[in-house]
Amino acid sequence: MNTEFNTYFLSALHDAKIADIRKKYPSRKGFSVRQHVEIEKGLETDVLVKKKGAKTTFFEMITLPVLPDKQDKIEKLRQIAKRKNYDFRLIAIAKPIEPSIEIEWLNEALLGYFVENQQDAIDSMANNAVYKDLETDIQSLKIADENSSAYVNGNVSVNFNSGVHAEIGEEEMTSHHFPFQGKLLLNLQKRKIEEAEVIIDSFV
């Protein structure tokens, strides 16, 4: 989950919580619901609910886990509420969690697959291509009884001969990183790739 979506998602949850407060304390029943109210100089609360003849309530939204600076603010608001004989409520908002899938042997097995199958897209660029390293990002994993399927993105590092250095008379090796994507059929028990449909982007 990227940072932009994460921020948008938390903002949407924040707005939804405020909407819930407005439903619980409707203006038709004499309640006043205000956002970002300065309680003391330099100190705001997220929502302030007031009604004549009823206790004023501070609402503060917290995103878990609570960072130290937020903890300090919460304690200050709590003390102010206690001093003023107000109610103080905390509303927790959980960050969206991005699932992480890792298969410890997959990179080594997939690198072996590239070596054995020698991807034409890369081999056509130079002779003696040598696959050096590989990183994968598993997008999804479907587990069956014997064989499981995984959709992956990643990058493969390849060294290949770029010619002979004129001054020293030795071959020059250059390194390139190529992105790839594809579907893998995995045997999780035997720790091997049964089949693979992988496309390497060599135009980078």
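Leaving aside its neighbours within four places in sequence, which residues is Thr56 in contact with? Contact here means heavy atoms within 4.5 Å. The partners are Leu48, Val49, Lys50, Tyr86 and Asp87. Thr56 itself sits in the loop between S2 and S3. With a relative accessibility of 8%, Thr56 counts as buried. Buried means under 20% relative accessible area, exposed means over 50%, and partly exposed lies in between (1.4 Å probe, protein chains only).

The model is predicted: local features need pLDDT of at least 70, side-chain atom pairs count only at pLDDT 80 or more, and totals for chains, interfaces and linings use all residues. Residues are numbered from 1 along each chain as its sequence is written, and side-chain values use heavy atoms, with hydrogens and water left out. The pLDDT is the predictor's confidence in each residue, from 0 to 100. The protein chain averages 81, and 81% of the residues score at least 70. Helices (H or I, at least four residues) and strands (E, at least two) are DSSP runs, numbered from the N terminus.

Next comes helix H2. Which residues of H2 are buried? They are Ile74, Leu77, Ile80 and Ala81. These four cover an arc of only 130 degrees around the axis, so they lie on the same side of H2. The arc is that of the directions from the helix axis to the C-beta atoms. The buried residues pack against S1, strand S2 (43-50), strand S3 (57-64) and strand S4 (87-94). On the other side of H2, Pro68, Lys76, Lys82 and Arg83 are exposed.

Now the backbone. Most residues other than glycine have a negative phi. Asn85, which follows H2, has a positive phi, near 60 degrees. His36 also has a positive phi, near 50 degrees, and is not a glycine. His36 is in strand S1 (residues 32-40). Its relative accessible area is 44%, so His36 is partly exposed. Arg191, not a glycine, has a positive phi of about 55 degrees. Arg191 lies in the loop between strand S7 (171-187) and strand S8 (192-200). With a relative accessible area of 48%, Arg191 is partly exposed.
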